[in-house]
Amino acid sequence: HRRKYDCGILVMSSGKSPQKSCSSSSRSGLMGDVQHPPKTSSSQKDVKDCSKVGRRLLSSSSEKVDEPKKSTPAKPQARQQTPRNRTKSESSDKGGSEDSEGQKKSKAELRAERRAIQEAQRTLKTQKQGDQKGRPSGDKGQQQLPQQQVRVATNVLADDKKVQAKVAKKLAKQQVPQRTERSKQVELFAHLHQYTHEISLTKSLTFGYGQGSLHPAVVKVGLQYASGIICGSNARCIAMLAAFKKAFQDYTTPPEKELCRDLEATINPYISYLDQCRTLSVSMRNAIKYLKLKITNISPGTPEEEAIKLLCESLDKFLNEKIILAGKAISEACCDIIKPNDVILVHAYSSIVLMSLIVAHNKGINFRVIVVDSRPKMEGRKILNSLVHSGIKCSYILINAVTYIMKEVSKVFLGAHALLANGYVMSRVGTSLIALVAKTYNVPVLVCCETYKFSDRVQTDSFVFNELGDPSDLVPAAKEKFLSDWQNIKSLNLLNLLYDFTSPNLIAMVVTELGKIPCTSVPVVLRMSRDASL
């Protein structure tokens with residue numbers, strides 16, 4: 001419906017309010033804004049004359065109007081609105097507002113803008129209050145971003161009662177016995193497990209071949225781990241693979257179950273039991289990942305005998321390629337490094353270092369070896385015995401005399417328990433000390449390590465993650481029984497660390513089956529092996 005407006009001109013004078021001078025019942029606007037066909041020719045002429053007079057009066061009156069007396073700066077005078085325009089502006093004020101481009105905003109948009117401004121002000125106020133009180137701020141009405149939780153391994157949370165309660169519940173469900181820990185422990189390493197040799201692990205075991213029971217081969221290997229009969233990263237991994245192979249050969253799929261799902265659930269108690277006997281090494285964890293990947297890749301329609309055969313072949317392939325052939329390749333590479341009349345220093349026992357020295361000696365290279373040993377395991381005696389039987393000239397010292405003998409050394413060969421992603425070398429305790437002394441005397445330090453010992457973990461110290469041995473091993477078994485009652489001495493705590501971490505700045509080269517690489521190339525090798533597995 002169209003509305004009718006009075007048509008007229010505004011007569012303005014200085015200091016007076018505008019007045020209407022003429023009106024008409026016809027629907028028209030000033031200055032020809034809205035034109036309608038006139039009813040008569042005379043009325044059209046009158047409207048045109050009125051519009052001309054109105055323009056002159058408006059222009060003259062606008063020049064004489066005084067400026068408004070306000071403290072704020074004057075705004076530019078807007079164009080005089082016609083009744084039609086005034087109606088539009090009033091309707092826009094009621095229904096919305098216009099932005100800089102002339103687009104109309106609805107009431108909902110205006111309410112949304114006001115609500116956003118209020119929320120921003122409320123959030124800023126809450127943040128200021130939180131900063132003053134020293135606690136993180138947050139609005140209850142505003143949804144906060146989820147914080148990423150840092151996953152920490154359970155083997156470095158031995159002092160967390162809630163975590164250990166969950167571990168105990170998991171072990172009870174798997175029917176795996178839990179070892180008791182020694183109550184007296186160094187407080188700095190309270191987050192690590194410290195087991196003893198006195199508690200038997202076979203008291204509450206269930207032997208068998210099905211799910212929920214441990215295979216006898218796995219139990220045997222675990223007891224050898226706990227007693228120290230099998231030690232060394234390669235030896236422990238080889239023994240674990242052999243035990244798993246025997247367990248696979250005796251495995252039978254239960255009715256109405258898939259082999260790939262049930263077999264993975266069967267080996268999980270085996271892994272938990274071996275971890276209770278002794279903390280799994282990096283090499284063992286990588287082998288377990290490889291084994292689980294092969295189990296997952298078995299198609300559901302594969303017959304049981306064929307699937308077991310494929311798994312056993314996969315274990316043999318991993319053992320042959322990652323350990324045996326890799327050790328031979330590293331030995332050949334070390335032969336190019338060892339020169340005639342070299343004096344080589346080794347520490348503790350390393351199977352790959354022993355193999356490299358024997359291969360170099362069999363090739364006719366004349367050199368001498370200095371074996372550095374340390375308590376409590378005295379593993380250097382084992383490698384010393386093997387080198388002497390091979391016909392290599394050797395010297396034997398303890399680690400406290402390494403500074404006196406280092407000036408005679410030309411090269412240092414060390415083994416590794418693991419090589420971390422940031423280049424740090426995890427090896428037998430005392431390795432970092434020897435590398436530091438060698439760096440002081442400008443003696444190159446070479447690390448012999450297989451690539452299956454590379455780890456994604458990052459660590460720069462020996463406190464966050466390590467393995468603690470039985471403190472009683474530090475007490476000498478002499479006739480005097482010196483410190484035999486050390487547990488009753490409140491002011492005495494014994495610490496038996498098994499590993500330390502050596503900075504990559506102290507390592508000149510890492511000899512692997514892929515070649516001679518720096519410590520910083522570990523992430524590249526891990527990425528290449530991951531792409532190859534895909």
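## Strands around S11

Two strands count as paired here if DSSP finds at least two bridges between them. Strands (E, at least two residues) and helices (H or I, at least four) are DSSP runs, numbered from the N terminus. S11 and strand S13 (residues 509–512) run parallel, with three bridges. Strand S8 (residues 411–414) also pairs with S11 in the parallel sense, again over three bridges, and there Phe413 has Leu446 as its bridge partner.

In a regular strand the side chains alternate between the two faces of the sheet. In S11, Val445 and Val447 lie on one side and Leu446 and Cys448 on the other, and all are buried (under 20% relative accessible area; exposed is over 50%, partly exposed in between, with a 1.4 Å probe and protein chains only).

## What sort of model this is

This is a predicted model, where local features need pLDDT of at least 70 and side-chain atom pairs count only at pLDDT 80 or more, while totals for chains, interfaces and linings use all residues. Residues are numbered from 1 along each chain as its sequence is written, and side-chain values use heavy atoms, leaving out hydrogens and water.

## Helix H6 and the cores

Helix H6 (residues 233–249) has 17 residues and spans 25 Å from first C-alpha to last, close to the 24 Å expected (1.5 Å times one less than the number of residues). Its buried residues include Arg236, Met240, Phe244 and Phe248. The buried residues of H6 pack against several elements, among them helix H5 (216–227), helix H7 (259–277) and S12.

A nonpolar core is a set of buried Ala, Val, Leu, Ile, Met, Phe, Trp, Tyr and Cys residues joined through side-chain atoms within 4.5 Å. The largest one has 45 residues, and Tyr225, Met240, Phe244, Phe248 and Leu274 touch the most other members. H7 gives the most to this core, with nine residues. A second, separate core of 30 residues includes Val343, Ile370, Ile397 and Ile517.

## A loop residue and the cysteines

Leu495 sits in the loop between strand S11 (445–448) and strand S12 (499–502). Leu495 is partly exposed, at 31% relative accessible area. Beyond neighbours within four places in sequence, Leu495 is in contact (heavy atoms within 4.5 Å) with Val186, Phe189, Leu468 and Leu474.

As for disulfides (pairs of cysteine sulfur atoms within 2.5 Å), the count is zero. Cys260 is buried at 15% relative accessibility, whereas Cys394 is partly exposed at 26%.
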